[in-house]
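Biologist: Could you take a close look at one part of this model for me, the backbone and its surroundings? I would like a connected account.

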Amino acid sequence: MKSLFNHKILIIVFGSLLFAACKKQLDIQPRQSIDFNTALTNSTGIEAAIAGIYGSLRDQTQYGRDKLALSDALSDITLATGKSGRLQPENRNTLNAHFAAWTSSYYYINQINLVLDAIPNISDATSATKDRWEGEMKFLRALLFQDLAKIYAYDTTAIIPSQYKGNVVLSLTGIKTADQAQNSRLPRASTKSVYDAIYADLNTAIAKLGNNPRNVSGGAQVYYANKAAAHALLCRAALHYGDWATVITQATNALSNASGVDASLQTAANYVAGWRSTRNPESLFEVRFAIQNENLGVNVSLQTSYTTLAALGAPTGATGGFGDLVPNNFLLSQLGITSSGYPNITRGPDVRAQLYEWGTAGRGTRFIECTKFFGKSGFPNLDNVPVLRIPELYLNRAEAYYRSGNQPLALADLNTILTKRGLASVSLSDTALLNEILRQKMLEYAFEGYRWFDLKRNGMDVNKTYIGLALIPFNDKRILPPIPRSEIDGNPNIQQNPGY
């Protein structure tokens, strides 16, 4: 995607299709794109534009792959196999091999801003419909800003003042022309300003979506912004902001509204089946891959990134994907998985271990692989991606209770997760309790893109010795990615992250 702050590129972008897709990514289909000249003047155009914005979350740099796979590649729980070469530089934490979501995220944020600017002028829509549009767009804008903040800036819970260059650029109005871009060279905002904006967007989303959900069946609500998801995202944002009281309140609110999207915390008996369903029954919000031409393909989809299997339980059958990223020995041991070599594998009582099995040898050395994402409806590489699942609420609230001094309630939430995953309750306190909460977060969300950000917001070193590399201290410049050079060159008000 071309930079929103590079006025030379803007002339090209806005002179053709506002919602055109980057040629490096999957071509956006007609149902996801619309000519700017007619897009934002009536309800049909607004709905088409909104569909395109939901579709943008399937981008490889967004939830199509990177916000999950890159996070875990950078962290301490995976091994890059080198079978295609992809994710290997990130797994080795090579300088500049990092997230590259800045440009695409601001492109999509600008689309959202243009829709929000247009909504008041739409004459053929009811006020309820306009409220729903606003709620959905502000939820998605908050999601993109939250992701940018946790990727490109330090969290307030763990910050190195000498290396702090501000948070992210807070762009809240739409840009249509090169002149507007030229006059909108914003600096990186303060962390408080960014989180104030995220909180404001999500509180508006909660209010607007409460009585105006999409006119779809309950389960399908998870494919769109909804009230429960907005509470859950606010819970997540507050966790990264260190706002423990809000974490607790919003986790509780999200759980109270989960029934509205037919979501519930699964038991050990049905946990694996939930991952084999089109929609994960624990999801509050998912990025939907509905049709075959939305498939990111055999090179970069999550299925091909994580496993070589063409069929579950068939390690001697046909080879499917590349299996670029697999659990390392540390993660396997924490899951209770042991093996003396293929085909041997022993699992403990943790039901989450059932999602890991031997891959094929069709592309070289055989590894135990993660099968959370394994296609659907007969098509490979076509999984919905859960962005917000219910277990996060219990684990975030447990951590917030602990940090607020309420260890009994923290322990209760932790034990809820343990028993639902087939494990015995524990009786822990003090540091041992916090460590177990964070460990369960690691096990629950392995290969879903959480581990890197939990290490980062807690100021923890990244232990790469598990794969034969040196430990990366929290003050290392590689903890933050570079802001794209085009942004720095085109906007002198933006400060680059240290070391780039």
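**A close look at the backbone**

Modeller: Happy to! Let me begin with the cysteines: this is a predicted model, and the disulfide count comes to zero. A disulfide is a covalent bond between the sulfur atoms of two cysteines. Cys235 has 0% relative accessibility, so it counts as buried. Cys370 also counts as buried, because its relative accessibility is 0%.

Now to the loops. Between helix H6 (88-91) and helix H7 (102-118) runs a loop that holds Asn93. Although Asn93 is not a glycine, its phi is positive, at about 55°. With a relative accessible area of 3%, Asn93 falls under the 20% cut-off and is therefore buried.

Asn381 sits in another setting, the loop between strand E7 (368-370) and strand E8 (385-389). Its phi is positive too, near 60°, and this residue is likewise something other than glycine. The relative accessible area of Asn381 is 12%, so Asn381 is buried.

The peptide bond leading from Tyr342 into Pro343 is cis, and its omega is near 5°.

Finally, a helix: H5 covers residues 66-74, and nine of its nine residues are buried, so the rest of the structure largely encloses it.

Definitions and conventions. Residues numbered from 1 in each chain as written. Predicted model: local features only at pLDDT ≥ 70, side-chain atom pairs only at ≥ 80, totals over all residues. Heavy atoms only, no water. Buried < 20%, exposed > 50% of the residue type's maximum accessible area, 1.4 Å probe, protein only. Helix = DSSP H or I, 4+ residues; strand = E, 2+ residues; numbered from the N terminus. Disulfide = S-S within 2.5 Å.
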